[in-house]
Amino acid sequence: MNQATNCYHCGEPVPPGVPILARLQGADQRMCCVGCKAVAEFIDSSGLTAFYNFRDAPGSDFKLTPTTTEWSHYDSAELRNRYVHVDNGLAEATMDIGGMYCTACVWLFDNGLKQLEGIESASVNPATRRAVIRWYADSLRFSELLDALSRIGFKPSPVGAGRAVDEKDDEYRLSLKRLIVAAAAGMQVMMFAVALYAGDFFGIEGGIEAFLRLISLLVTVPIIFYSARPFFAGAWRGLRARSPGMDLPVSIAITTAFAASTYATLVNRGDIYFDSVAMFVFFLSATRFLEMRARHRSDDHALALARLLPDTAIRMKGSTSETVALDQVTADDILRIRPGDVIPVDGELISGNLFVDESMLTGEAMPVQRETGEMLFAGAVVREGNATVRVTRTGASTSLAEIGRMLERAKADRPPIALLADRIASRFVVAVLGVTALAAGTWYFIEPSRAFEVALATLVVTCPCALALATPAAIAAATARLSQNGFLLVRSRILDVLTRARTMVFDKTGTLTEGRPVVSGMQNLSGKELDIEELLALAASIETASEHVLARAFAAHYVAGRYEPEEIRVIPGEGVEATLGNDQYRIGNWRFVAELSGAPSDSRAQKDDHTEVFLGTREEMLACFSIGDQLRADAVHAIAALKKSGFRPVIASGDRAAAVRSVADKLGIDDWHAGLSPAGKLELIHDLRSRGESIVMVGDGINDAPVLAAADASIALDAGTALARASADAVSLGRRLGTIVTAVEIAMDTRTIIRQNIIWAIVYNVTAVPLAVGGFLAPWMAAIGMSLSSFVVVMNALRLHRARTENTMTSDHDHNRDERMKQATTT
Amino acid sequence: MNQDLLYPAALVAGFFGSTHCLGMCGAIVVLFEQESPAGMQRWLRRILYNLGRLGFYVLLGAIAGGAGAVIVATAGARTALLALRLIAGLLVITIGLNLLFHWNFTRFLETAGSGIWKRLAPLARHVLPIESPARAVAAGFLWGALPCGLVYSSVAMAATSGSLPGGALVMFFFWLGTAPALLLAGVSADRLNRWQAQPAFRRVAGAIMIIIGTLAMAPFRMLIH
C-alpha cells in the first residue's frame with residue numbers, strides 16, 4: 001500500500017499493479033485509470049495544461065524552501081536510522097501527521113509537499129492520517145522535510161520500526177475483504193437456492209436447474225478458497241498442536257458439504273448444500289470479525305502508551321537550552337518542561353510547581369499537583385506550570401515502559417477459567433466428532449440417503465463458541481477496561497479471586513492513607529496572637545535542614561527568602577535548632593523544645609492519631625503542630641462500596657494502635673490489627689486463610705511483598721516509582737482506592753457474562769444436537785442456529801467494553817481520556 | 001424478465017458510481033468552461049453537455065439492447081438472458097469493489113474502450129471553443145465516449161434488457177443517475193476534489209454498488225413459471 005501515489009489528474013490513489021502513465025508535456029505522470037489518462041492527454045494535446053496550474057494553486061502562491069531549525073537533531077544518525085529507510089538514494093519515512101482534519105488538509109499536504117524539491121512521492125491516508133513520503137536523500141535532508149511539513153501547519157511525528165499498527169491494519173483489511181467476499185457471494189448463492197427451492201415447488205426446467213446448480217458451485221468457490229481460509233488454517237494448527245479447536249468440525253463440515261455438493265452438481269444428481277456452506281462461512285466470519293475488532297481495541301491502550309512520548313526534549317545547559325533527541329537524554333540531565341508537554345522521562349521535579357494529568361498512566365482524570373522534590377513520570381501531560389526536572393530514568397526503564405510491558409505480559413497470561421474453557425472446548429470438539437460419526441452410522445442403517453445430511457447438520461449445529469471464542473473475548477475486554485481505569489493485571493487469576501474472595505486486607509500507611517505526612521493542625525501555646533501562616537513558614541525554613549520524615553510535612557509551607565535561619569543544627573531523634581535574628585529556636589519533640597523554652601502553660605494529652613512537633617524560643621513554647629497522614633480522598637467512599645459488594649475489610653498495620661483505630665473508625669472498619677510486624681501480618685493472613693476465607697491483600701507492594709504473596713490474590717497500590725518491583729497480581733496506579741471497587745465490579749461482570757454464555761451454550765447444544773441427530777434439522781437450519789449462537793455469545797462478551805463505572809467517579813472524564821487515547825493512537 | 005429491477009439498478013449505479021467520475025470528468029467540465037466565451041448561459045451550456053452525453057449513452061444502449069435481442073433470438077431466451085444478467089451484476093459488483101478497495105478490475109474494459117475514444121478525440125478538438133449550443137451538445141456527446149468501466153457495466157445491463165428500446169431506456173436511467181453530480185461538476189474543481197475524496201462516501205457508494213450488483217443478478221423471477 002505504500003507504493004500508492006495519487007493520480008496526477010484526479011487525485012485518487014493509483015491502484016497497485018502496472019502503472020498507467022500519461023505523457024504530459026514530455027513527462028510521464030501516473031494515472032489511476034484509463035479514463036483519466038484519456039482526459040489528461042486530451043487536455044495536454046489541446047495545449048490546455050494551464051488547467052493543472054490553475055487547479056494546483058488556487059489563489060495562493062506559497063512556496064516551500066528548505067530551512068533547518070529545531071528539527072535538525074533528526075539528522076543525527078540514531079534518529080535517522082530509526083525512522084528513515086534509504087534504498088538506492090531514495091529515502092522513505094512513514095509518519096503520522098498531526099493537525100490533519102479534513103480532506104482539504106490532505107490536498108494541502110499533497111500539493112504543498114510537491115513544491116518541495118527532492119520529493120519523489122508523498123501519500124497520506126486520510127483515515128489513519130499516516131503518510132508515506134519518499135524523497136531523494138541527496139537533495140533533501142530529513143529535518144528539512146519535517147520542517148517543511150511543520151511550516152505548512154502539520155505536526156509530523158515519524159513512526160519508527162514498530163510495525164504493530166500496520167500488521168493490525170493488514171489483518172483488519174484482509175478480514176474485511178474475506179467478509180465482503182463471503183457476503184456478496186453468499187447472497188448470490190442464497191438467491192440461487194431460493195430459486196431452486198421455489199423450482200422444487202412450482203416446477204423448473206431441468207436445464208435451468210442444472211445451470212443454476214453449476215453457477216452456485218462457481219460462486220461458492222471463492223467462499224471456500226478465500227473467505228474460509230482462516231478456518232482451515234485454524235483447524236490445521238489445532239491438529240498439529242494436538243488440541244483440536246472449534247475450527248476442526250467447522251472445516252470438516254465446510255469441506256465435506258462442498259465436496260458432496262460439487263459431486264452432486266457434476267453428476268447432476270443428489271442434494272447440494274452450497275447455500276448452507278455460504279451462510280455458515282459468512283456468519284462465522286462476521287462473528288470472528290467482531291471478535292477481532294474487540295481484540296484490537298483492547299490493544300489500543302498499550303499502543304497508545306507507546307506512542308505517547310515525544311521524540312525530543314529541551315535540555316538545559318547552564319542557562320541555555322537545546323532541543324535534543326530523547327535518545328540522547330541520560331540520567332541526571334536537566335530538562336525543561338513547559339505547559340502542554342508530555343513529560344518524556346521519569347524524573348525529579350527540582351524547581352517549579354506543576355499540575356499534571358496522569359490519566360494515561362493511572363486512569364485518574366483529575367490533574368494532580370506536583371511540587372519540588374516530587375517524582376514526575378513519563379507520559380504525564382503538563383496542564384499548568386513550568387518546571388525543570390532532573391532525569392532519573394529514561395526509555396525502557398521508565399514507569400511508562402514498565403506499564404507497557406505489564407500489559408503485554410498480562411495479555412499472555414490466561415486465567416484459570418480461560419484455560420478450563422480451552423480444555424473443555426477441546427474435549428467438546430472430540431465429542432462432537434464422535435456424535436457425528438455415531439449419528440451418521442446409525443442413519444446409514446435406518447435411511448442411507450439421509451445419513452450424510454444428518455451428519456452434516458450435527459457437525460454444523462454444535463457450537464463451542466461460548467468456550468472457545470467468547471471466554472477469551474470477555475477476558476480481553478475486561479483486561480482492557482481495567483487497564484484504562486489504571487488497574488493493571490499482572491496475573492489474571494485475580495479476576496477469579498476477586499469474584500469469590502470475601503475478605504480484603506488493607507495495609508494502612510500508603511494504602512488507606514496517602515502515605516505522606518502533612519501538617520493537619522496547629523495549636524497556639526504562647527498565649528499571644530500569632531499569625532499561623534508566618535509560624536508555619538518559620539517552622540518550614542528551619543525544617544529544611546532536616547531529613548526526617550516529619551520534616552517533609554512542612555515542605556509545602558516553605559516560602560523562599562522569607563526567613564533565613566542561621567547556625568542550623570540537626571540533632572537526630574530530637575529536632576532542629578537554629579538562630580534567626582537574635583532569637584534562638586528549637587523545633588522537635590516536646591522534651592527537646594521544653595529544654596529550651598520550659599513547659600508550656602497548658603500542657604495537654606497527646607492526640608491519638610497524630611504525631612506532634614513543637615516549636616519554641618528561649619522565652620516560650622510557641623506552637624504545637626499536628627502531623628498526620630491523610631486518608632486517601634475516596635477511601636471512605638471506596639470502603640463503603642466494597643462493603644456493599646460483600647467484602648469484609650480488615651486493616652493490618654504496623655502503626656500504633658491509636659492511629660490505626662482512628663482510621664478504622666473513620667472508615668467504619670471493625671476488624672483492625674495494629675502494631676503488626678511483617679511476620680505478624682503474615683500470620684494474620686495465614687490465620688484468616690486457615691478459616692477458609694479467600695483473601696485479597698492490598699498493600700504498597702514493596703515492603704509487604706511476602707504478605708501479598710501469602711494472600712489468594714494481591715493488589716499493589718500507587719506503586720509509583722517502584723512499579724517494576726511491585727510483587728502483586730495487580731497494580732492499581734494513581735491515588736484512588738476506587739479503582740479497586742471498579743475492578744471488583746468488572747470482575748463480577750466478567751464472571752456473570754462468562755456464566756451466561758456457558759449456560760446459553762449448554763441450553764443451545766442440549767436442544768440443538770438431539771434435533772440434528774434426530775434428523776429434524778436441514779443443514780441450512782443448523783448453519784443459522786450455530787451462527788446465531790456464536791453471534792449471541794460474542795456480542796454478550798463484548799458488552800464488557802461498556803461496563804458500568806458508577807463508583808469510579810471518572811465517567812465524566814473518561815471521554816476526555818478516550819479522546820486522548822484516540823489521538824495517541826492515530827496521530 | 002424483471003426489467004422493472006433493471007432500471008432502478010441502472011439509476012442507482014449511475015448515482016453512486018458518479019462519485020468515481022467526478023475527479024475525472026469534473027476536469028472536462030472545467031475545461032469546457034474555460035474554453036467557452038461568456039456569451040451563452042452557464043447552466044444552459046451545462047444542460048447541453050449532459051444532453052449530448054445522454055445522446056451517446058442512448059446510442060450505446062440501443063446498440064447493446066439490439067445485440068442482446070439478437071443473442072436471445074439465437075441462443076434461446078432464458079439461458080442467454082441469465083448469462084447476460086450475471087455478467088452485468090458482476091460488473092456492477094466489480095465497480096463497487098473498485099470504490100471500496102481502490103482496486104481496478106475494469107481496467108481491461110476501459111483499455112478496450114479507450115479505442116473508441118482515440119477515434120473520437122481528434123473530433124473533440126474541433127468542437128472547442130464551445131460557442132454554439134450545437135457545439136455544446138457535440139462536446140457532451142464526445143464526453144460520453146470517454147473510457148469508463150461504469151458506463152460499460154451499464155451497457156452490459158442494457159444488453160440484458162434483450163430489446164433495442166429497452167437498452168436505450170436502461171442507459172437513460174443510468175444517465176439520470178449521473179446527472180446530478182455531473183451537472184454540478186465544474187462549479188469549482190477544488191470543491192469537487194474535496195467532495196470526492198471523502199472516504200466515507202466512497203465506502204457507502206461501494207457497498208451500495210455491491211448490493212445493487214447482487215440484486216441485479218437476482219434470477220428467480222424468470223425461473224418460476
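The model is a predicted one.

Chain A comprises 26 helices and 29 strands. Of its 827 residues, 45% are buried. Among the contacts in chain A between residues at least 6 apart in sequence, 68% join residues at least 24 apart. Chain B, in turn, contains 10 helices and zero strands, and its elements, read from the N terminus, follow the order α-α-α-α-α-α-α-α-α-α. In chain B, buried residues account for 56% of a total of 225. Of the contacts in chain B with a separation of 6 or more, 88% are made by residues 24 or more positions apart.

In one of them, helix H8 (residues 229–240) and helix H9 (residues 247–267) of chain A have axes that come within 8 Å and cross at roughly 130°. On the H8(A) side, the contact involves A:Phe231, A:Phe232, A:Gly234, A:Ala235, A:Gly238 and A:Leu239, which meet A:Asp247, A:Leu248, A:Val250, A:Ser251 and A:Ile254 of H9(A). The contact of H8(A) with H9(A) consists by class of seven nonpolar, three polar and one charged residues.

The loop between H8 and H9 of chain A holds A:Arg242. This residue has 7 C-beta neighbours inside 10 Å; because the limit for an exposed residue is 12 or fewer, A:Arg242 counts as exposed. The C-alpha atoms of A:Arg242 and A:Ser426 are 9.4 Å apart in space, although the two residues are 184 residues apart in sequence.

A second pair is formed by helix H13 (residues 416–446) and helix H14 (residues 448–461) of chain A, whose axes come within 8 Å and cross at roughly 165°. Since angles over 145 degrees count as roughly antiparallel, H13(A) and H14(A) are assigned to that class. The crossing of H13(A) and H14(A) is right-handed. H13(A) contributes A:Val432, A:Val435, A:Thr436, A:Ala439, A:Ala440, A:Trp443 and A:Tyr444 to the contact, and H14(A) contributes A:Pro448, A:Arg450, A:Ala451, A:Val454, A:Ala455, A:Thr458 and A:Leu459. These comprise 11 nonpolar, two polar and one charged residues.

From H24(A), A:Ile753, A:Gln756, A:Asn757, A:Trp760, A:Ala761, A:Tyr764, A:Ala768 and A:Ala772 meet A:Ala782, A:Gly785, A:Ser789, A:Val792, A:Val793, A:Asn796 and A:Ala797 of H25(A). The contact of H24(A) with H25(A) divides into 10 nonpolar, five polar and no charged residues.

Helix H21 (residues 657–667) of chain A was considered in terms of burial, with A:Ala659, A:Val660, A:Val663, A:Ala664 and A:Leu667 found to be buried. These residues lie on the same side of H21(A), because they cover an arc of only 130° around the axis. An α-helix has 3.6 residues a turn, so residues three or four places apart point the same way. The buried residues of H21(A) pack against elements of chain A that include helix H17 (508–512), strand E19 (513–524), strand E24 (621–631) and helix H20 (635–644), as well as strands E25 (648–652) and E26 (671–673). After H21(A) comes A:Gly668, which has a positive phi, near 70°.

Technical notes: Residues numbered from 1 in each chain as written. Chains lettered and ligands numbered in written order. Predicted model: local features only at pLDDT ≥ 70, side-chain atom pairs only at ≥ 80, totals over all residues. Buried ≥ 20, exposed ≤ 12 C-beta atoms within 10 Å, placed from the backbone. Helix = DSSP H or I, 4+ residues; strand = E, 2+ residues; numbered from the N terminus. Arc of directions from axis to C-beta. Contact = placed C-beta atoms within 7 Å. Axes fitted to C-alpha atoms, helices over the stretch in contact; angles between N-to-C directions. Nonpolar A, V, L, I, M, F, W, Y, C, P; charged D, E, K, R; others polar. Parallel < 35°, antiparallel > 145°, perpendicular 65-115°, else oblique. Left-handed = near helix turned anticlockwise from the far one by under 90°.
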